[in-house]
Amino acid sequence: YTSEAAEIYKYNPWINYTLPLHRMREVGFQNRVFDLLDERALLPSEAKEFCVILFGIDRFDGVPDPEENPDKFLTCVKDMVDAEQTSWHPIKKVQAQLLDINKMRKTYGEARTCTIL
C-alpha cells in the first residue's frame with residue numbers, strides 16, 4: 001500500500017492515496033483514471049474525473065471545466081475537500097485532506113491557452 005502510494009505521489013502529489021482508494025484499485029474498480037494514477041500526471045480533465053469519483057457526480061453540477069476556468073474549478077473542489085474528514089496520508093504519515101489544493105493549484109491553476117504561430 002505505501003509503495004503504491006509513493007508511486008502515485010511521484011506523479012500526482014496532490015492525491016492523498018488513502019486505504020479506501022487502495023482497496024478500490026485492489027478489487028479491480030474499473031476506471032481508466034485509476035489505472036493512470038501511478039503511471040503519469042493526470043490531465044486536467046482526468047483530475048476532474050477523479051474528483052467526480054471521490055465526491056459524486058451530483059456535487060459537480062455547475063462546476064466549470066478545469067481547462068476553461070481552473071481557478072473556479074479548484075475553488076469548488078476546495079469546498080468539497082473542506083467538507084470531508086481527514087484521512088491517513090501514507091507518505092506524510094499524518095492525517096490530511098483527501099486532496100492537497102495548493103499542489104493542485106501548482107499543477108492545474110493557470111488557464112492554458114492555445115497559441116498558433
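## Basis of the description

Contact means heavy atoms within 4.5 Å. The structure is a predicted model, in which local features need pLDDT of at least 70 and side-chain atom pairs count only at pLDDT 80 or more, whereas totals for chains, interfaces and linings use all residues. Residues are numbered from 1 along each chain as its sequence is written, and side-chain values use heavy atoms, with hydrogens and water left out.

The pLDDT, the predictor's confidence in each residue on a scale from 0 to 100, averages 92 over the protein, and 93% of the residues score at least 70. Helices (H or I, at least four residues) and strands (E, at least two) are DSSP runs, numbered from the N terminus.

## Nonpolar core

A nonpolar core is a set of buried Ala, Val, Leu, Ile, Met, Phe, Trp, Tyr and Cys residues joined through side-chain atoms within 4.5 Å. Buried denotes under 20% relative accessible area, exposed over 50%, and partly exposed the range in between (1.4 Å probe, protein chains only). The largest such core has 28 residues, and Phe50, Val77, Leu99 and Met104 have the most contacts inside it. At least two core residues come from each of H1 (2–11), H3 (32–36), H4 (44–55), H5 (70–82) and H6 (101–108); H5 supplies the largest share, six residues.

Not counting residues up to four places away in sequence, Leu99 touches Trp14, Ile15, Phe50, Cys51, Leu54, Phe55, Val77, Val81 and Met104.

Ile15 is located in the loop between H1 and H2 and counts as buried, at 2% relative accessibility. Its contacts beyond four places in sequence include Ile8, Leu42, Phe50, His89 and Leu98. Ile15 and Leu98 are 83 residues apart in sequence, yet their C-alpha atoms are 6.4 Å apart in space.

His22 belongs to helix H2 and is also buried, with a relative accessible area of 7%. Leaving aside neighbours within four places in sequence, His22 is in contact with Tyr1, Glu4 and Tyr17.

## Cysteines

A disulfide is a pair of cysteine sulfur atoms within 2.5 Å; a search of the whole structure finds zero. The sulfur of Cys51 is too far for a bond because the closest cysteine sulfur, in Cys76, is 11 Å away. Cys51 is buried at 0% relative accessibility, and Cys76 is buried at 15%.
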